[in-house]
Amino acid sequence: MNLQSGKLYWPTTINNPHTYAPLEGDIECDVLIIGGGSSGAQCAYYLWDKGLDVVLIDKDKVGHGSTSSNTALIQYSGDKMFYQLINSFGENTAADHLKLCSTAIDEIESVCKSLDMSPDFTRRDSLYYASYQEDVVTLQKEYDYLKKHGFDVDFLTSKEIGQLYLFTKPAAIYSRNDGELNPYKFTVGLIEKAHTKGIRVFEETQVHGKKIEKDYTLFHTTNNSTIKARHVVMAAGYECQEFNQDKNVTFVSSYAVVTNPVEDFSSWYKRTLIWETARPYIYMRTTADHRIIIGGLDENTTNPEKRDSMLPHKKQQLIQEFNKLFPNIHVKPEFYLGAFYGGTHDGMPTLGIYDDFPNWYFLMGYGDNGMVYSMVLAKIIADQITTESNADLNIYLQNRPLLTYK
């Protein structure tokens, strides 16, 4: 898949990242993780102390897929609002999902503190504002459910928003204890630590054939090696769909810019994460080196040529949208990208377990909180492999009840 194009920022933040040799020769393992992005790294984290022989492979370099274009707003709330998830799955399931995501943020923070390379994790609050007056009613409903289930949120009026920011909006939910990080540093640092824990890592190792048996899968690689694995974790991001397409998955094209460093953030209250109720929406965050990431303006196309043709206009439009909120902060797009963005019809990430792929687990943390979702799913997968039990499995299985799609 042609996942992204543009001038990427995250790979510039590490000089001489650790590299791994391609696989040469035939090997066996208990668990094969396919994919060296953030989701593969998170799976490695939950498996490295389970007494299993684990191998991780990537067809390119670690962190060079969608991880390099991930804008990494670390939040528990997602594309589908809480009340919408309740309408689809019931209140208890929807609340359990958000609480699992909140716990996953704590786990991500803990992982970041344990790595030799800091991924620049920082706790941030979030401002989720009503783009239009007619959105206030649904925003109030969202707030009521969040408050009912113990989330640390406030409901801000237009006046209260104006007291904190230079701009005002009809209303907003102010959420605490979200976060931000550098997803490339997180992935590279996590896989490097997994390697020191005994997980074998091979870059530039691509599978091109497989033989699936009841108790193992035998893979053939493009460099004439084989891998025999008892369990397989497909953590290849959007490229999971090349192995097995799931009807709940959707794709669009999304855009983002990373600006020049900014000296003065005094007008940006607590450097909160900011997003809105409009669909498609604009979102923004800051970085450890004081840049601003502005993203959104999704387009309903999966044609990479069409996606890329719109990039020059989109990067300027994103700056213009930012300046509507912060006209006093003068920025330009030093880095920019157009990328495929995967989500689901029902707003929940998916763990695929299919009869045609015995002992395989498809980790599809698709949605705007991909790193958080992947943390939740990686833990469930590790539990399934080691104990064959996890109480939260049924929330995310691909055969959960789905909406009727048009």
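Buried here means under 20% relative accessible area, exposed means over 50%, and partly exposed lies in between (1.4 Å probe, protein chains only). Helices (H or I, at least four residues) and strands (E, at least two) are DSSP runs, numbered from the N terminus. All views show a predicted model, in which local features need pLDDT of at least 70 and side-chain atom pairs count only at pLDDT 80 or more, while totals for chains, interfaces and linings use all residues. Residues are numbered from 1 along each chain as its sequence is written, and side-chain values use heavy atoms, with hydrogens and water left out.

**View 1. Helix α2 and its buried face.** Let's begin with α2 (residues 82-89), where Phe-82, Tyr-83, Leu-85, Ile-86 and Phe-89 are buried. Looking down the helix axis, these buried residues fall within an arc of 155°, so they line one face of α2; the arc is that of the directions from the helix axis to the C-beta atoms. Their packing partners are α3 (91-114) and α4 (136-148), where contact means heavy atoms within 4.5 Å. Just past the end of α2, look for Gly-90, which takes a positive phi of about 95°.

**View 2. Strand β2 and its two partners.** Seven of the eight residues of β2 (residues 27-34) are buried, so this strand is largely enclosed by the rest of the structure. Two strands pair if DSSP finds at least two bridges between them. Strand β2 runs parallel to β11 (residues 226-234), with seven bridges joining the two, and Ile-34 sits opposite Met-234 of β11. Four bridges link β2 to β3 (residues 54-57), again in parallel, and Leu-32 has Val-55 of β3 as its bridge partner. Between β2 and β3 the chain passes through helix α1 (residues 38-47), making a right-handed β-α-β crossover. Right-handed means that, with the strands pointing away from the viewer, the path from the first strand over the helix to the second runs clockwise.

**View 3. Leu-181 and the nonpolar cores.** A nonpolar core is a set of buried Ala, Val, Leu, Ile, Met, Phe, Trp, Tyr and Cys residues joined through side-chain atoms within 4.5 Å. The largest one has 87 residues, of which Ile-33, Ile-108 and Leu-181 touch the most other members. Helix α9 (residues 370-387) gives the most to this core, supplying 11 residues. Setting aside neighbours within four places in sequence, the contacts of Leu-181 include Trp-10, Ala-72, Ile-74, Ile-108, Phe-186, Arg-285 and Met-371. There is also a second, separate core of 28 residues, with Tyr-129, Phe-167, Ala-172 and Ile-274 among them.

**View 4. Arg-400, a buried arginine.** Follow the chain into the segment after α10 (393-396) to find Arg-400. Its relative accessibility is 5%, so Arg-400 counts as buried. Not counting residues up to four places away in sequence, Arg-400 touches Phe-89, Asn-248, Asp-346, Met-348, Pro-349, Thr-350, Asn-394 and Ile-395.

**View 5. Tyr-132 in its loop.** Tyr-132 belongs to the loop between β5 (122-129) and α4. With a relative accessible area of 46%, Tyr-132 is partly exposed. Beyond its neighbours within four places in sequence, Tyr-132 is in contact with Pro-170 and Ala-278.
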